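Please work through the exercises below with the sequence and the model open beside you. Each task is followed by a solution that goes step by step.

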Amino acid sequence: MLIFSIKNAFRKKAIAILSSIGIAVGLMLVFVVGAFTAGVTADFQVNLTKTLGLVNVIEKSQIGSNSKLPIDFPDTLLNTENVGDKILGYSVEAELPPYFGSDYDGQMVEDRADRLIVKGLNKTIDESWEGPTSRIISGRAFEPGKNESIIDSRIVDVAQFNVSIGSQIKVNLDPGGITSVNLTIVGIYRQDGDGAPPFVPINFNLFTDITIAWDLLEKANETSNYYSLMTIQFNVESNAETEVLVDNINELSDNGTFSPVFVSAYSLAAFLEQIEATFELFNSFTPILSIVTVLAGGMAIIVTQLMAVSSRMKEFAILKATGWKNRHIFLNVIIESLTLSLLGAVIGLLLGISLILFFGSNLNPFGSVGAIITVGGVFEVIAYAVGLGILGGLYPGYKASKVRPVIVLKGE
Amino acid sequence: MALIKLEKVSKIYGEYSHVIKALDEVDLEIEKGTIVTIMGPSGSGKSTLLNILGAMDIPSSGKVFVDGIDISVLPERSLSTYRKETIGFIFQNYYLLPNVDLIGNVLSPLIPYRIKESDRERAKKLLEEVGLGNRLRSKVRKLSGGESQRVAIARSLINNPKILLADEPTGNLDSETGKSIVELLFKFAENGKTIIIVTHDARIAKVANDHKLGRNIWIKDGKLNDDPTYDLFCW
């Protein structure tokens, strides 16, 4: 029965294969979306673990070089009750206004909006933090008080200007670049990507000593002696604990504890969780996609099977005349539609895996995107295919099983 | 006791003013192992009679006893079993499965059930008996009309039925081929099968009439007559 029905499914090969391909495209979509969802979710989980207890503090409502925290703010925070005792470590950096690095705008890769941002680092704090100065992969770290800098490792492959060790980087002291100072590149520090696709512009950081950064700001008649950002590692075991500390800092700031400065603290994990929440909202459409796929695939099978059944009514009549029961005819049609849908699942899985491998490879022009092929994902596709096969075969099977041999054969 | 017994069987199609009486209170008894030809003009009711005997149609009234059981009151499920175990059908147009080879066609009534090795052996033997033993794996499309009908005969016998019902089995064949098919059917009758043939072909009726097991029945306007002169005067 099984072999007979499977063979029958392909009696009209072109229609059967087209029908299976139609189902395959839908199931492939479900599979690929599922795999990428699993991949992105896993990435989120890894990043959430990595960012556990990490909190950024900036001047309230200010970002980048506009954020100016007093240089004694870290000490203030360390001495703040219910906050300071939870701090495992911290780093600080001073970001210089964009025009300091504007000479290199658009010079990383053609037609891209990558930028070079100049920042000052307190080397002593940075080393204990395992920041850029402790991640030197070529050359050495800058020395305090010298016009030296270290540069992002990623820029080496994309810069259209000289970034080799010993070369000079021009730092503008006015928006027109009339006055400038040269910083010597003395080292390259390892900087991993953040997972963003390559078409997203990158801000490459060029770090120099904090006192040099302040000196450059003074020469440019800008405000100096500030930190733009303080990053804190709290000793916590959960994101909820981190959130309590973040709320503490924000409340203290709002109450004027750090007056005259007011700050905003935010947890990196919370930020990721917000993104994840948005992503999950997007994911909530996946079942709808699946349902639409199942319905469209089901319709394809119903139409294919109805055509097949209608053209074979005499055959079913004869089979009934020779002793087949209604349920035998019905089962035969169901197996045929299951065969088509399962073939669709196999094709869909193969196409899906190929797509996932392509998107995960360097051949992808948009950069490799993480996806996870799970056994559950494969079973999900097979389950959809089985559902499709049964759903699509129900009505045609019923119609075929109810054939009255005498009516059909009389019409001959 | 007769193998087949019809008591006042009527079959009416349509309703109100468009009523057609295909069978009109037919009484008939057929003994086991006989060859019965049913002849009559188009629309006389001969195919209806065959369909009722084969449980493909149900009478409007009357009783149809086969082996002592009234099949006119059986539910569909039991009728399937009856068709499988008691009846072998042979059609004018053969109705073979186009995508299945000869042995597959012969075995097709058994597909929903577990096909045993003994079934395969029987199918091979039947194909040998109908002269196609060397073409077990041939495709149906390569067969002539006569060969197709031979396969259909083998298929009708795979369940070892008591009764063979043949509806115009030679209707699509030339006279020589038709003769060989009739001889084949008669051979199986000599092996104990009851064979009922609906035909327009007077030669088949004559052969049946001359056969020791043969019997001719004429039908017109849904009524039967065993008198061989009946058709000469009434057609």
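The model is predicted, and local features need pLDDT of at least 70, side-chain atom pairs count only at pLDDT 80 or more, while totals for chains, interfaces and linings use all residues. Residues are numbered from 1 along each chain as its sequence is written, and chains are lettered from A and ligands numbered from 1 in the order in which they are written.

**Exercise 1.** Determine how α2(A) and α11(A) pack, and which classes of residue make their contact.

Solution. Begin with the elements: helices (H or I, at least four residues) and strands (E, at least two) are DSSP runs, numbered from the N terminus. Helix α2 of chain A covers residues 13–50 and helix α11 of chain A covers residues 326–359, and the two pack at an angle of about 45° with their axes 6 Å apart; axes are lines fitted to C-alpha atoms, for helices over the stretch in contact, and angles run from 0 to 180 degrees between N-to-C directions. Angles under 35 degrees count as roughly parallel, over 145 as roughly antiparallel, 65 to 115 as roughly perpendicular and the rest as oblique, and α2(A) and α11(A) are therefore oblique to each other. Next, residues are in contact if their C-beta atoms, placed from the backbone, lie within 7 Å. Among those making this contact are Ala24(A) and Phe31(A) of α2(A), and Gly344(A) and Gly348(A) of α11(A). Sorted by class, the contact has 17 nonpolar, 6 polar and no charged residues, where Ala, Val, Leu, Ile, Met, Phe, Trp, Tyr, Cys and Pro count as nonpolar, Asp, Glu, Lys and Arg as charged, and the others, Gly among them, as polar.

**Exercise 2.** Which strands of chain B pair in the antiparallel sense over 7 bridges, and what lies between them?

Solution. Strands β1 (residues 4–13) and β2 (residues 20–30) of chain B pair in this way, two strands being paired if DSSP finds at least two bridges between them. Tyr13(B) has Ile20(B) in β2(B) as its bridge partner. β1(B) and β2(B) form a hairpin with 6 residues between them, and Gly14(B) in the turn has a positive phi of about 80°.

**Exercise 3.** Describe the open sheet of 6 strands in chain B and explain what sets its edges apart.

Solution. The strand order is β6-β7-β8-β3-β9-β10 in chain B, with mixed pairing. β6 (87–90) and β10 (223–225) stand at the edges with a single partner strand each, so one side of each is left without a neighbour in the sheet. Neighbouring strands are turned by 20° against each other on average, direction ignored. Within the sheet, β3 (residues 35–39) and β8 (residues 194–199) of chain B run parallel and are joined by 5 bridges, and Ile38(B) stands opposite Val198(B) in β8(B).

**Exercise 4.** How many residues does each chain give to the contact, and which helix of chain B gives the most?

Solution. Chain B gives 20 residues and chain A gives 19 residues. On the side of chain B that touches chain A, helix α2 (residues 76–86) of chain B gives the most, with 5 residues. The residues of that side divide into 7 nonpolar, 7 polar and 6 charged.

How values were computed: Two residues are in contact if their C-beta atoms, placed from the backbone, lie within 7 Å.
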